[in-house]
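Reader: I am new to this structure and would like to learn how to read a few of its features. Could you take me through them slowly?

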Amino acid sequence: MRTRILFTMLACSIFFSAVAKAQDTMSYKPAAAAQTGPMPILPACATAAVTDGDPAKPGSIIMLKIKAGCVIPQHWHSANERLIIISGSGHAGMKGMSATALSAGDFIYLPAKGIHLFHAVTDVTLYDISDGPFDIHYVDAAGKEITPTEAFKKY
């Protein structure tokens, strides 16, 4: 019995040591080297690249590049979303609120299930940090969920 306890403690020690080492390792991905590509859930004028994590799991960071004039129509996400504008300018609007002008260096928090849209005034690069798995649910003017194809028709 005592041997089993010692073995379990040793195994836990090795495991947590490995986890601690993994968390202490710096990761660097230069923004200029990011290779963005199309995502079927985004309009063609927006491309994305995973910067960190797995978008299917909580805690991912996605870099988005959005062309001038591009609109990501009204939508919501299951998780909270934080946007950090790296370059360019745009507007973010949340249902029931005035649109907010955004430019390089700005931060915006969007609560889970809050209906919002994004309009790029110039080419925009931003980081999208999600608390949970990344998803996007487009809605019409009445708030009814629609397909991405239906949402993109208006723009």
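Author: Let us begin with a definition: a salt bridge is a side-chain nitrogen of Lys or Arg within 4 Å of a carboxyl oxygen of Asp or Glu. This is a predicted model, in which local features need pLDDT of at least 70 and side-chain atom pairs count only at pLDDT 80 or more, while totals for chains, interfaces and linings use all residues. Residues are numbered from 1 along each chain as its sequence is written, and side-chain values use heavy atoms, with hydrogens and water left out.

Reader: How many salt bridges does this rule give, and with which residue does Arg-82 form a salt bridge?

Author: In general, side chains of opposite charge can pair when their charged atoms come close. Here the count is 1 salt bridge, and Arg-82 forms a salt bridge with Asp-131, with the closest N and O atoms 2.7 Å apart. Because Arg-82 lies in strand E5 (residues 81–87) and Asp-131 in the loop between strand E10 (124–130) and strand E11 (137–139), the pair ties together parts 49 residues apart in sequence; strands (E, at least two residues) are DSSP runs, numbered from the N terminus.

Reader: Is Ser-60 buried or exposed?

Author: Buried means under 20% relative accessible area, exposed over 50%, and partly exposed in between, using a 1.4 Å probe and protein chains only. Ser-60 has a relative accessible area of 1%, so Ser-60 is buried, and its place is in the loop between strand E2 (46–52) and strand E3 (61–66).

Reader: And what of Lys-113, buried or exposed?

Author: Lys-113 is exposed, at 56% relative accessible area.

Key:
Helices (H or I, at least four residues) and strands (E, at least two) are DSSP runs, numbered from the N terminus.
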